[in-house]
Amino acid sequence: MNMLKYTLKRLVVMILTLFIIATATFFLLAATPGDALSARVEKLPDNVAERLYAKYGLDKPIMERYVVTMKGLLKGDFGESIIYQGQTVQSIIAEKGPISARLGIQQMLLGVTVGLLLGILAAVKKGTIWDYLVVFLSILLISVPNLVFALLLQAFFAGNLGWFPVIGWPSENIWFGGWKYTVLPTLAGCFSYIASYARLLKASMLDVMNQDYILTAESKGLSRKEVVLHHVIRNSFIPIVTQLPMSVAMCITGSFFIESVFSIPGLGLYYVNAVAAQDVPIVMGETVILAALYIIVVFITDILYTVVDPRIRISGGKR
């Protein structure tokens, strides 16, 4: 019963949150000077310009456009793109989504794996040269933008050494083909994951190591390796469970800078171009879909809390 009540409550909150996000997005775009057709109609006859504005509903008052847009969102009809003629949100996501998803998933898997291993190393070897190296590496990787890493990797490994293509993306077998095109973009985007997860797990492990039950386990004669493997690491993963689903949600939305540097036709580039051009249907559609994805992931994260830490109850509080 508690689970059902909690789920219904969260469902209402999720719907309300999506409504607020969609409303805020619409009015922020409407408040920006100009519109998506301004540049296209400058040299067109007035009657042609009027027909274009009528076609996309931009000739209507702002509140009427808002009502029409929200009705479309409720029906799952986000409308046709203004700058990408003939394309809808659904078609763009279906075509470009797998590209950004593959790149983001590869970046996340590599970055999180390496980051967790480094975090464990730094915590276990606290105060040694290994700890200081991990800290230095984390600060370096989190401080330098991914764009800089992308340009450096591109110049050295693609330009000087010629090991990988400078730009491009596999056009066939999108999920598993053309690995040589994905190596540099994956490396460029994984560094932030390495830095954040290494620091997060190290801090969590050090906190757990100071708990009374860890001292009790050591006093019972368990080796340090057994304590770390069976007690410290498991209990240190609660913050990771919070962070990981967020990373999954964000990694598939595309990276504008990396996609631009390597000419990857993913969602990131399309979305930013749509925002710059005030392409309301595309911006509204992608924003709502990605926000829904993020909200669902937050809900799943709350459920995972109870799996990782049995002391946490879904109704709130601890046993």
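Which residues does Val208 touch, not counting residues up to four places away in sequence? I started my notebook with this and read off Tyr213, Ile214, His231, Val232, Asn235 and Ser236. I took contact to mean heavy atoms within 4.5 Å.

**Entry 1: ground rules**

I noted that this is a predicted model, in which local features need pLDDT of at least 70 and side-chain atom pairs count only at pLDDT 80 or more, while totals for chains, interfaces and linings use all residues. I also noted that residues are numbered from 1 along each chain as its sequence is written, and that side-chain values use heavy atoms, with hydrogens and water left out.

**Entry 2: the whole protein**

I looked up the elements and found 14 helices and zero strands. Helices (H or I, at least four residues) and strands (E, at least two) are DSSP runs, numbered from the N terminus. I then checked how much of the protein is buried, and the share is 39% of the 319 residues. Buried means under 20% relative accessible area, exposed over 50%, and partly exposed in between, with a 1.4 Å probe and protein chains only. For contacts with a separation of 6 or more, I found that 72% come from residues 24 or more positions apart.

**Entry 3: Val208 again**

I placed Val208 in helix α8. Is Val208 buried or exposed? Val208 counts as buried, because its relative accessibility is 6%.

**Entry 4: α8 and α11**

I turned to the pair formed by α8 (residues 179–209) and α11 (residues 238–251). Their axes come within 10 Å and cross at roughly 165°. Axes are lines fitted to C-alpha atoms, for helices over the stretch in contact, and angles run from 0 to 180 degrees between N-to-C directions. How do α8 and α11 lie to each other, roughly parallel or roughly antiparallel? I wrote down roughly antiparallel, which follows from the angle. Angles under 35 degrees count as roughly parallel, over 145 as roughly antiparallel, 65 to 115 as roughly perpendicular and the rest as oblique.

I recorded the crossing of α8 and α11 as right-handed. A crossing is left-handed if the near helix is turned anticlockwise from the far one by less than a right angle, and right-handed if clockwise. On the α8 side I listed Tyr193, Tyr197, Leu200, Leu201 and Ser204. On the α11 side I listed Pro239, Ile240, Gln243, Leu244, Ser247 and Cys251. By class, this contact has eight nonpolar, three polar and no charged residues. Ala, Val, Leu, Ile, Met, Phe, Trp, Tyr, Cys and Pro count as nonpolar, Asp, Glu, Lys and Arg as charged, and the others, Gly among them, as polar.

I found that the axes of α5 (residues 89–124) and α6 (residues 129–143) come within 8 Å and cross at roughly 140°. These two helices are therefore oblique to each other, and their crossing is left-handed. Leu118, Leu121 and Ala122 of α5 meet Trp130, Asp131, Val134 and Leu137 of α6.

I then checked α6 against α8, whose axes come within 8 Å and cross at roughly 135°. This pair is therefore oblique, and the crossing is left-handed. Among the α6 residues that meet α8 are Asp131 and Val134, which also meet α5.

I found Ala150 in helix α7 (residues 146–160), buried with a relative accessible area of 0%. Leaving aside neighbours within four places in sequence, Ala150 is in contact with Ala188, Val261 and Phe262.

My last stop was Ser263, in the loop between α12 (256–261) and α13 (267–276). Phi of Ser263 is near 50°, a positive value in a residue other than glycine. Most residues other than glycine have a negative phi. I noted Ser263 as partly exposed, at 41% relative accessible area.
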